[in-house]
Amino acid sequence: MLIFMGILFTLFILVFSVLNNIFLGYGLTISLLFFTFIGLKRGYSLKKIGMLYWIETKKSLNIILILVLIGMLISSWLSSGVISSIIYYSLKYVNPNLFILCAFLITSLISMLIGTSFGTVSAVGIPLIIIGKAAGINLGILGGAIFSGAYFGDRTSPLSSSLLLLCNLTNLKLFDYVKKIIIDNIVPFTLCIGFYLILSLKYPLTSMSNSLSNELYSYYNISPLLLLPAIILFLLSIFKVQITHSIPISVLCAFILDIFIQHTNVYDFLNYLVFGYSNNSDILKNIIHGGGIISMLKTCYIIVISCSISGFFSGLNVFENLKVKLKEKNLSKSSIFLVTVILGIINAAVGCSQTIAIILTLDIVKDLYEDEPNDELALDFSNSAILTPALIPWCIAALVPCSVLGINSYSYIPFAFYLYIVPIVHFIRKKFQIN
């Protein structure tokens, strides 16, 4: 009963924080203290509870390292003119009447190539957001298109860590499963194209004038050479170089270009890496700025506390009774999928992690799939626990991209069509047994 109360309390305090623009770290810290109290009531010592927290927190250190590196990447690309060059050439070649659709298609392509939603958002999401901000487009709509595209690759790319984890947990061959999921993806992807086409025509880039391009060209030394750090990042990702290695290489390349093309001195560049980039242009100073290690500290704190909470759940096996009760029910295939979706959302909402959502949900429902082939189990998870965490504002899957893009933590949700069209279409297929 106390566990159930703790879950409800956590959800309430996090929703309250999001709706009132209160730093999520406060709510998560209160929840962590509440779960600590529950652990003590159940007879666990503070040392035991602390060990459970530490085990999961250690796993978050790699994510924190990636966040720090992304902060440095953003500021280095801003300072060196990489972002400005991407924006400049995008303004020249992207159809303004199809901008939102182009944002979805571009991020879908890049995420499929590099297999990481965070990398996609950092590399192409930021330039797209900057263009949208300058043109006055609703950032919630644009953010939804970027989220949809970024998580397209998270679900379907053979380079996706989420997909690799799922295939390992279900004992499937990666490339055989990728073929299956690409076919499964045709209907949702087509529907998304239709929705984003409608929004593009309704909200075109009408204010896309030459003023931004001219200011970029006059303030920065724009050159195709400045696209090199982005190209390097993409190529290294395709060749499966770890992001913790590929980002520093891209930052180093941006540093060299910044020194020789933008003539930035070393001290200023290092300052930008820590505190974020800024410029003195009257037009650009409110558009092209940010990044830096400091900008990621709040997000890092939230991740540490989130992982501690997930450690509590995974360490104390709090869902054993639920597993037994679900097994006793004779659920249909569509009902089993619906249970998987709901549990994936709850686990992601409380554990604040896509990985935790996958692992905990699979542990709870795997016995329900004992008469199903492994690829059917994996497909249900691809269409639920891999995607739905990105719809929860305080979950890492949503929090990090929002922090990188600098958008409101929940404004994108109604427009992230791909994230909920996929589970809806899959449920309809299972309900009516459509192959």
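Student: Which residue follows H2, and what's its phi like?
Tutor: That's Gly43, and its phi is positive, near 95°. Keep in mind that this is a predicted model.

Student: OK, and H2 itself, what span should its 18 residues have?
Tutor: Helix H2 covers residues 24-41, and at 1.5 Å a residue it should span 26 Å. Its end C-alpha atoms are 26 Å apart, which agrees.

Student: Which of the H2 residues are buried?
Tutor: The buried ones are Leu24, Gly25, Gly27, Leu28, Ser31, Leu32, Phe35, Thr36, Ile38 and Gly39.

Student: Why would residues three or four places apart point the same way?
Tutor: An α-helix has 3.6 residues a turn, so residues at that spacing point the same way.

Student: Switching to H4, how many of its residues are buried?
Tutor: Helix H4 is mostly covered, with 10 of its 12 residues buried. The buried set is Val82, Ile83, Ser84, Ser85, Ile86, Ile87, Tyr88, Tyr89, Ser90 and Leu91.

Student: And how far does H4 reach from its first C-alpha to its last?
Tutor: H4, residues 82-93, reaches 17 Å, close to the 16 Å expected at 1.5 Å a residue.

Student: What about H18, why is it called largely enclosed?
Tutor: Because 9 of the 12 residues of H18 are buried, the helix is largely enclosed by the rest of the structure. Those buried residues are Gln354, Ile356, Ala357, Ile358, Leu360, Thr361, Leu362, Ile364 and Val365. H18 runs over residues 354-365 and reaches 16 Å end to end between C-alpha atoms, close to the 16 Å expected.

Student: What does the Ser200 side chain reach?
Tutor: The backbone oxygen of Tyr196, at 2.7 Å.

Student: And which residues does Ser200 touch beyond four places away in sequence?
Tutor: Ser200 touches Asn97, Leu98, Phe99, Ile100 and Leu101.

Student: Last topic, cysteines. How many disulfides are there?
Tutor: The count comes to 0 disulfides.

Student: Is Cys395 buried or exposed?
Tutor: Cys395 counts as buried, because its relative accessibility is 0%.

Notes: Residues are numbered from 1 along each chain as its sequence is written. This is a predicted model: local features need pLDDT of at least 70, side-chain atom pairs count only at pLDDT 80 or more; totals for chains, interfaces and linings use all residues. Side-chain values use heavy atoms; hydrogens and water are left out. A disulfide is a pair of cysteine sulfur atoms within 2.5 Å. Buried means under 20% relative accessible area, exposed over 50%, partly exposed in between (1.4 Å probe, protein chains only). Helices (H or I, at least four residues) and strands (E, at least two) are DSSP runs, numbered from the N terminus. The expected span of a helix is 1.5 Å times one less than its number of residues. A polar contact is a pair of N or O atoms within 3.5 Å; within protein, one must be able to donate a hydrogen and the other to accept it, and residues adjacent in sequence count only if both atoms are side-chain atoms. Contact means heavy atoms within 4.5 Å.
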